[in-house]
Amino acid sequence: MSELIMGRNAVLEALKAGREIEKINIEKNRNRGGSLKQIIAKASDAGIPVYYSDRAYMDKLADGSGASDVNDQGVIALASDFEYSSPEDILELAEKRGEDPFILVLDGIEDPHNLGAIIRTAECAGVHGVIIPKRRSASVNETVLRTSAGAAEYMLCARVTNIGRTIEMLQDKGVWVCACDMGEELMYQRDLTGPLALVIGSEGFGISRLVKEKCDFVATVPMKGHVNSLNASNAAAIVMYEALRQRL
């Protein structure tokens with residue numbers, strides 16, 4: 001099976017990352033300078049066919065993907081399905097880099113825009129990999145690829161059947177698991193160095209009770225306003241960067 005990658009930056013990063021791309025469609029009347037020029041050049045170097053299509057055909061492609069709300073910016077690539085990794089792959093990457101594992105576990109993020117934003121921040125913050133459940137969770141699709149601004153092409157992402165068992169496996173490997181949730185200890189008071197997995201809950205319900213019970217400790221983002229919750233991607237970004245600050 002194949003999937004669409006839409007948007008200039010997403011397509012360009014897919015090309016840079018060596019993603020297997022079958023073809024690229026570019027809107028006929030677009031100015032072919034800037035990033036579009038780079039896309040055409042890289043596609044030519046990689047032997048990827050480029051087709052120049054009218055706007056009606058581009059809209060048909062986007063509509064067929066189920067992501068017609070996404071602005072394709074005049075470029076749509078047909079690529080192989082996103083290749084998921086395993087939690088073991090993530091641990092191996094950290095070992096290869098000579099770094100303590102820094103992992104993100106997402107307990108039911110359903111909005112692909114949130115997932116893409118989280119992956120983008122995770123890549124910037126030096127996270128080795130993101131773990132998501134196979135059920136009741138957004139998967140890495142064209143919306144995620146575009147929202148991540150291409151970061152998903154560089155981030156290991158594992159899909160697992162059971163988050164709880166995966167947490168136990170990480171703990172057996174010496175990884176401390178931190179639930180990012182409401183609790184008594186602020187994240188600034190927690191040691192977020194060393195082998196670490198941060199668990200982020202879903203947009204509406206947070207971390208499930210069973211998953212939270214398996215975590216080693218809780219780190220809380222301080223709240224001073226009238227609204228006592230943050231968007232999942234914003235909360236994840238804050239905690240990831242506190243962990244990064246402590247690791248520098």
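A search of the whole structure, a predicted model, finds 1 aromatic pair (ring centres of Phe, Tyr or the six-membered ring of Trp within 6.5 Å; planes under 30 degrees apart stacked, over 60 edge-to-face, the rest tilted). Phenylalanine 82 and tyrosine 84 form this edge-to-face pair, at 5.1 Å centre to centre and 75° between the planes. Phenylalanine 82 is buried at 11% relative accessibility (buried: under 20% relative accessible area; exposed: over 50%; partly exposed: in between; 1.4 Å probe, protein chains only). Tyrosine 84 is partly exposed, at 26%. Residues are numbered from 1 along each chain as its sequence is written. In this predicted model, local features need pLDDT of at least 70 and side-chain atom pairs count only at pLDDT 80 or more, while totals for chains, interfaces and linings use all residues; side-chain values use heavy atoms, with hydrogens and water left out.

Charged groups also sit over rings (NZ of Lys or CZ of Arg within 6 Å of the ring centre and within 35 degrees of the ring normal). Arginine 159 lies over the face of tyrosine 84, 5.1 Å from the ring centre. The charged end of arginine 247 is placed over the ring of phenylalanine 102, at 4.5 Å from its centre.

Phenylalanine 102 stands opposite leucine 196 in strand S9 (strands: DSSP runs of E, at least two residues; helices: H or I, at least four; both numbered from the N terminus). Strand S5 (residues 102-107) runs parallel to S9 and is joined to it by 6 bridges (strands pair if DSSP finds at least two bridges between them). Strand S8 (residues 176-180) is also parallel to S9, with 4 bridges. Cysteine 178 has leucine 198 as its bridge partner in S9. In S9 (residues 196-201), 6 of the 6 residues are buried, so the strand is largely enclosed by the rest of the structure. Leu196, Leu198 and Ile200 point one way, and Ala197, Val199 and Gly201 the other.

The count of salt bridges is 11 (a side-chain nitrogen of Lys or Arg within 4 Å of a carboxyl oxygen of Asp or Glu). Glutamate 3 bridges to arginine 19, with the closest N and O atoms 2.7 Å apart. Glutamate 3 lies in strand S1 and arginine 19 in the loop between helix H1 and strand S2, so the pair ties together parts 16 residues apart in sequence. Glutamate 3 is buried, at 9%. Arginine 19 is buried as well, at 12%.

A network of salt bridges links Glu27, Arg30, Arg55, Asp59 and Asp72. Glutamate 27 is buried, with a relative accessible area of 11%. Its closest N and O atoms to arginine 30 are 2.9 Å apart. For arginine 55 and glutamate 27 the distance is 2.8 Å.
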